[in-house]
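Student: I have a new structure to look at, and I would like to learn how to read it. Could you walk me through some features?

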Amino acid sequence: MIDIEALIEEQLNEASRLNKKYVHPKLTKMFAIAGMEAFFHRGEGQYLWDAKGNRYLDFLSSGGVSFLGRNNPAVKAAVAKVAELDLPNLTILNPSLLGGLLAKRLIELAGGHFGKVLFSNTGTETTDLALRFARYCTRRRRFLYLEGAFHGRTYASISCCGFPPLREGMEPLMPTTTPIRINDLAQLRRELKYGDVAAFIFETVQGMTGEVMDPIYLKEAEALCRQHGTLLLADEVQTGLGRTGKWFDSVGQGVRPDMMMVSKTLSGGLVPIGATLVQDDVYQRVYDRFQAGAFYFSTFAENNLAMAAGLATLDSLEEMNAPEEAERKGKLIEDGVNELASRYDCIERITGKGLLRAIYFRTSELPKLRTEQTLLDASDPSAFAAALHIDIYRDYRIMLQIPGPGLNAIKFLPPICTSDSDIYFFLQALDETLGRYYTGTGPAIGIGSAAAKHFVGEAVQRLVPVRAAKRAEAEGSARVVLPKPGNGAVRVLPTAPPGNGAAATEIDLEAFELDNFYEHGDYHGPMVEKCDFLVVGGGPAGVMAARRLAEAGRDVILLEAGRRLTESDFGYDLMNTSARYFWDSAVKPSRGNNFTSSLRVKALGGGSVFNSAICMRASDWALAAWAENAGVEGITNEALLPHYERIESFLGIAPTDERIMRRRNLVIRDGCRALGWKVEPLPRLTPRCTGTAECVTGCRVGGKNSVDRRGVPEILRAGGRVFTGLQADRIILRDGRVLGIEGFVVDPETGKRSHSAKILAKCTVLAAGVFSTPVLCQRGGLSRSVIGSNLRMHPSGHAVGVYDEEIVPWEGATQGYHCLEFMEQGTKIEDLWATTGIFALRFPSLGAEFTDYLARFRNMAVIAGWVGGEDSVGRVRALPGGYVDASYDIGEGDVRRLQQLMVSMGEILFAGGAKEALMRFGGKSPVLRSVQDLHRRVRDMPCTVADLNIASNHCYGTMPMGGDRERSATDSWGKVWDCENLFVCDTSLFPTSSGSNPMHPAMALADRQAEALLRWY
């Protein structure tokens, strides 16, 4: 005999996986994108609890099903008792006693206007039945329904759906349905005059939009329908049984529909049920002859469990005086929202009745919020409401919903057991979230949407200034023409001399013509490949490891989900580049006490293609901390020296040459020198740099040795195979041994998957990055909690200096100087290039103030910095549908360090001659005009994490190496504990910060690891 309790207990954590595989993965995916991935273990009344014991306020009540609250004791007891009694059920021949009792109760509650009740299982079935009856007894074909209506998802119901996006792709639907505008009597009168309308179906309060039918319109509609012989169908599936303040809203307004549909609440939240209440006259017209008896029948319609649940529900609702309570509590909500609307002009109105409500939003007059709302609206008309919905769910654990496609509104259906204090808590959450939008972090960060990010980029790009002159186009040209300065002369930057090891940095792009390089168009069916070494991830560490292995004569496959990019793919504004070539459109928001975004490049070469090319060795103190705190063995800068030198020679890493520094670089250098702080040129892998400041958007002049240009060609020449457009999904784990990976072919342009792929290897090396590497392990069956649980970052901040002199912030080396004064404290400051797109994202204000400062953009310099993140930590885990969840909390120590970082950056700007410093800090971000102003308004002000605008391009730590199996995912050589033939080779190995920009230490560790693998395999 099956033990349900034991089965649930045993398989509780399998719900997501089983749903992904067997039930409805797309729905799970939608919730995951919205950040609503909590798995609930228990429900009671108006609350739900997740696996961690967190309590959620359920203002959805399962779309109206749980109006009584979850697991109502009376309904549970009635259902359990019926199950115990061994009553005959679904005998077909015998009438249902409980069905008769329930029908009688429903007719009485509806005021005796109806004579019969026909039961079904769902709300959409009640609609189908009513439409069938209407057509049969009128012998007419056409139906009228309201714009914005929703009556279910079966064929007839969806044919009467007032949302075209929900009908799309299902055509041909019933061609005899006509939408009409709500409360438009003239249109209704015109349609009825044709004399071919079987029925007019309506909701007094629309379940999707929350719009309310005008009582006068409703009464006139009834009269017109009677006049023209059209039946009136009241859809009370969501409004019925007390939710709107009346037992049935249509009947409560004095209307007598010919048929009325009831469901949702009637179930008690436990057993599906639907009921169509039918006037006697209509029933007799349908069943006008004996043979018509089987006109309607439903196998499960009058099952005893559903009938018992319905009877117990009605009893409970009557005991609670549900209609009056719903009206009172609805008024409490309405008054509270109207009070908020008097303070927040983005609230347009609240609609609905009782405990079926929707709040509509409009564009604020506040310039900062208005601009952000406009950008979000370019993505989707409902994006602002979606952001608010996500933020309230994340920060307050209140469950709401977006009512329908394109509606800038949130909808909520609180259960009748919701307390007044619950309502006040909801109003407080709405108040505090909107207050933050008006004074601090705006709504765009909440939406966390790739599409929204893309459209923000599209909008911001319009601000990008037109270049005054084109760059020299002749092949091999060393001269780059940049915008004219104020005096009209054209600046020409000289070619930088070759860096260290330049003789060894010739670029062999012809290697991509070899037969062992594969792109998306080369795959024509399911793939199975074998090799000695499989390296997953074509970023800097993965390429350096694969190159060393291939050049030793081993059979190597390098796997990359993105495609190979060339100079023709570059030249876009950063926002467009992000949308095209980054996972999640360059925003991977991490949930936590501050939404910290990070970057993941989707291209061969990984981060080296779209970064500033900085290559610093790790700090001695950081490596010493790895050894002392994590038990990492054998990793010091002295031990890594031969690997550093090999990488530096191969990639041409050298300090940035002074001749490609422009004024933007120099004012930061001069500010540091004026303060007596240590400042040096940044080491970068740019031996042919001409100072175009295009590192982050892709170097069009070939000045950067990104590893797709210098690394991958060597792999190909050595006989290694490189597969692009092939995405790993999971490791293949069998009896403690990793055999390779399973994945799929993916179109890098569209993301569409096609063929399956399996690559078997004697040794698998994961270099897929901080987010993907632990997820590949998790999906493959490695369940140790340490995998993915040590997400670390370098939280960063930015500031803008405004000068009297012309700076031209888009000229010169992308990043030329760095301040090392605070490196022992784990803090580093760098100059930073800026386009207007970057400026717009980092500028501390919007609207008129923004445009005023934008006119002075040529006189600005941007400075950036990061802290070591030692007090901040998060986690990464696999979600259903192939998604990745990341959470990250900024610790108090790092908040203080970030505050001091902002102060230090401001001091550098003023010491370098800035007249103003702009930075995002606190509520209304300050424009600072002196060092004293900086100290008073930033240094000496109380600071919380909410006061800071934080991002991070340096992520690490999700597969930490170390000597303790309990605290680390791998040993000191990157071998994953407790399984054979699996190694990790990227920044996820770092237990904590490397005390440097992490790319160079990651490449050196990869070279060290490859050297060891050649000994072991």
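Tutor: Gladly! Keep in mind that this is a predicted model. Let's begin with a turn: in the hairpin of strand 25 and strand 26, which has six residues between the strands, find Gly751, whose phi is positive, near 80 degrees.

Student: How many bridges join strand 25 to strand 26?

Tutor: As a general idea, strands of a sheet pair through backbone hydrogen bonds, either parallel or antiparallel. Here strand 25 and strand 26 (residues 753-766) run antiparallel and are joined by six bridges. One place to look is Phe744, which has Ser756 of strand 26 opposite.

Student: What about strand 24 and strand 25: in which sense do they pair?

Tutor: Strand 24 (residues 726-734) pairs with strand 25 (residues 737-746) in the antiparallel sense, over eight bridges. Leu726 has Val745 in strand 25 as its bridge partner. The hairpin of these two strands has two residues between them, and Asp735 takes a positive phi near 50 degrees there.

Student: Is strand 25 mostly covered or mostly open?

Tutor: Mostly covered: of the 10 residues in strand 25, seven are buried.

Student: What should helix 6 span, at 1.5 Å a residue?

Tutor: Its 13 residues (97-109) should span 18 Å, and the end C-alpha atoms are 19 Å apart, which agrees. At the start of helix 6, a side-chain oxygen of Ser96 comes to within 2.9 Å of the backbone nitrogen of Gly99. After the helix comes Gly111, with a positive phi near 85 degrees.

Student: How many aromatic pairs does a search of the whole structure find?

Tutor: The search finds 26. In one of them, the rings of Phe133 and Tyr287 have centres 6.0 Å apart and planes at 75 degrees, so this pair is edge-to-face. Phe133 belongs to helix 7 (residues 123-138) and Tyr287 to the loop between helix 13 (280-286) and helix 14, so the pair ties together parts 154 residues apart in sequence. Both Phe133 and Tyr287 are buried.

Student: And how are the rings of Phe384 and Tyr437 placed, by centres and planes?

Tutor: Their centres are 5.8 Å apart and their planes stand at 65 degrees, so this pair is edge-to-face. Phe384 is in helix 17 (residues 383-396) and Tyr437 in helix 18 (residues 420-439), so parts 53 residues apart in sequence are tied together.

Student: Which residue has its charged end over the ring of Trp973?

Tutor: That is Arg1008, at 3.5 Å from the ring centre. Trp973 itself forms one aromatic cluster with Phe533, Phe983, Trp1016 and Tyr1017.

Terms used:
Residues are numbered from 1 along each chain as its sequence is written. This is a predicted model: local features need pLDDT of at least 70, side-chain atom pairs count only at pLDDT 80 or more; totals for chains, interfaces and linings use all residues. Side-chain values use heavy atoms; hydrogens and water are left out. Helices (H or I, at least four residues) and strands (E, at least two) are DSSP runs, numbered from the N terminus. The expected span of a helix is 1.5 Å times one less than its number of residues. A polar contact is a pair of N or O atoms within 3.5 Å; within protein, one must be able to donate a hydrogen and the other to accept it, and residues adjacent in sequence count only if both atoms are side-chain atoms. Rings of Phe, Tyr and Trp (its six-membered ring) pair if their centres lie within 6.5 Å; planes under 30 degrees apart count as stacked, over 60 as edge-to-face and the rest as tilted. Buried means under 20% relative accessible area, exposed over 50%, partly exposed in between (1.4 Å probe, protein chains only). A charge sits over a ring if NZ of Lys or CZ of Arg is within 6 Å of the ring centre and within 35 degrees of the ring normal. Two strands pair if DSSP finds at least two bridges between them.
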